[in-house]
Amino acid sequence: MKPFRKNVAIAIDGGGIRGVIVTKALAMLEEALGKPVTGLARLTAGTSTGSIIAAGIAAGLSATEIHKLYLELGETIFKRSWRTLLWPLSKYRYPLEPLENELRKYIGDKKMGDFWSQHPRTDVVITTFDLQTNKNCFIKPWKDKYKNWPVTSAVLASSSAPTYFPPVEGRYVDSGIGAFANPCYLAAYEAQFCLNWDLSETTLLSLGTGRNPPRVKPGQPADFWTWQWLEPLEDAFLDSANDQQVHLVEKFFKKLDFRRFQVDLAEAIPMDDPGQIDKLVAYGEEMGRMILSDLFDRALGVTPETAA
C-alpha cells in the first residue's frame, strides 16, 4: 500500500447492513497501520449507512468498535415484525427508535458543530434529501444552519431509506434517492473548495458497500410485469450513479490521490438482511486486502469511450 498523503479523507457509500463490508475493511487497515482511523482522517463523508460510519469515526470510535456495533445490532435494527410481514401494506418496514437509541449510546448528545470545535478539528459531510424542498442537503459542522443539529438526527435523516424507515421530521430521507449514494465527489469538493486542502497533499479513500451482480437475463425484460422492474431499475440507477461520482472525481480532481475500493457480490444481498453478516464479513476481508494492496475498483479509469 502506498503511504497516505498529509491530508486524508474517507467517503463511504450507502447500503444498510452492507456497511459491515466497510467496517471490516477499515478494521483491517487499522491493524496494518497500528492506529485507529479516527486519528487518520480529518474529513469524513457518508450517505445512509456511510453516515453512521463517518460520524462514528469523527466522534472518536475506532473502525473495530464500529464493526462490532454492526455485528451486534443488525438483528435489533432490522428486526422482523408485522410491518415487514405486511409491507407494502404498512407505511414502512422498521421503526427508527432502535437505531436512534444505539446511536445515542455511542455518540451521545454531540452536536454537529462539536466536530468543528474539537481538537483536532474534523469536517463531516452527511447527506440527506429534503422531500419538502426536493433538494439534497449536505449537513456540515461549520455551517451555521446545521451546527446545532444533534449528530444522531443528522445520521437518522441520512439513513431513513424510503419504505424501510419513516422520514425524519416528516421530510428528510436517505440521500441515495438522489445522486449521492456515493459521496466521493462531495468529499473531493469539500477538501479543495471548503477546507482549501492542497490536492497534491491529499488522499481520498472511497469505499463502496458491494456491487450487485446483474439480475436480468437476456430477453427477460420483454416479459416483465410492472413490479418486476423495481429491483433491476434500482440496481441500474444506484450502480450508474455511484460510478458516475467516481468518474467526476477522476475528471475534475486530477491532482488528488483518489483510491476507490468496491467488491463485486456473487449474489444480491439486501440492505436489511442481518442473516448475511458472515458473507458480508468475508467481503469486508476482501476489500481490506484490496486496500492494503492498492487494488482499486474497476470503475476507476473508465471513460465514456471505453465503457461503450
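What share of the contacts in the chain with a separation of 6 or more comes from residues 24 or more positions apart? Such residues account for 77% of them, where contact means heavy atoms within 4.5 Å.

This is a predicted model, in which local features need pLDDT of at least 70, side-chain atom pairs count only at pLDDT 80 or more, and totals for chains, interfaces and linings use all residues. Residues are numbered from 1 along each chain as its sequence is written, and side-chain values use heavy atoms, with hydrogens and water left out.

Start with the whole chain as a cartoon. It has 11 helices and seven strands; these are DSSP runs (helices H or I, at least four residues; strands E, at least two), numbered from the N terminus. The C-alpha trace spans about 55 × 45 × 40 Å along its principal axes. Colour by accessibility next: buried residues make up 54% of the 308 residues (buried means under 20% relative accessible area, with a 1.4 Å probe and protein chains only).

Now select residues 63–77, helix α3, and residues 97–107, helix α5. Their axes come within 10 Å and cross at roughly 155°, so α3 is roughly antiparallel to α5 (an angle over 145 degrees). Axes are lines fitted to C-alpha atoms over the stretch in contact, and angles run from 0 to 180 degrees between N-to-C directions.

Show side chains at this pair. On α3, select Leu69, Glu72, Leu73, Thr76 and Ile77; they meet Pro98, Leu99, Glu102 and Tyr106 of α5.

Key:
Angles under 35 degrees count as roughly parallel, over 145 as roughly antiparallel, 65 to 115 as roughly perpendicular and the rest as oblique. Buried means under 20% relative accessible area, exposed over 50%, partly exposed in between (1.4 Å probe, protein chains only).
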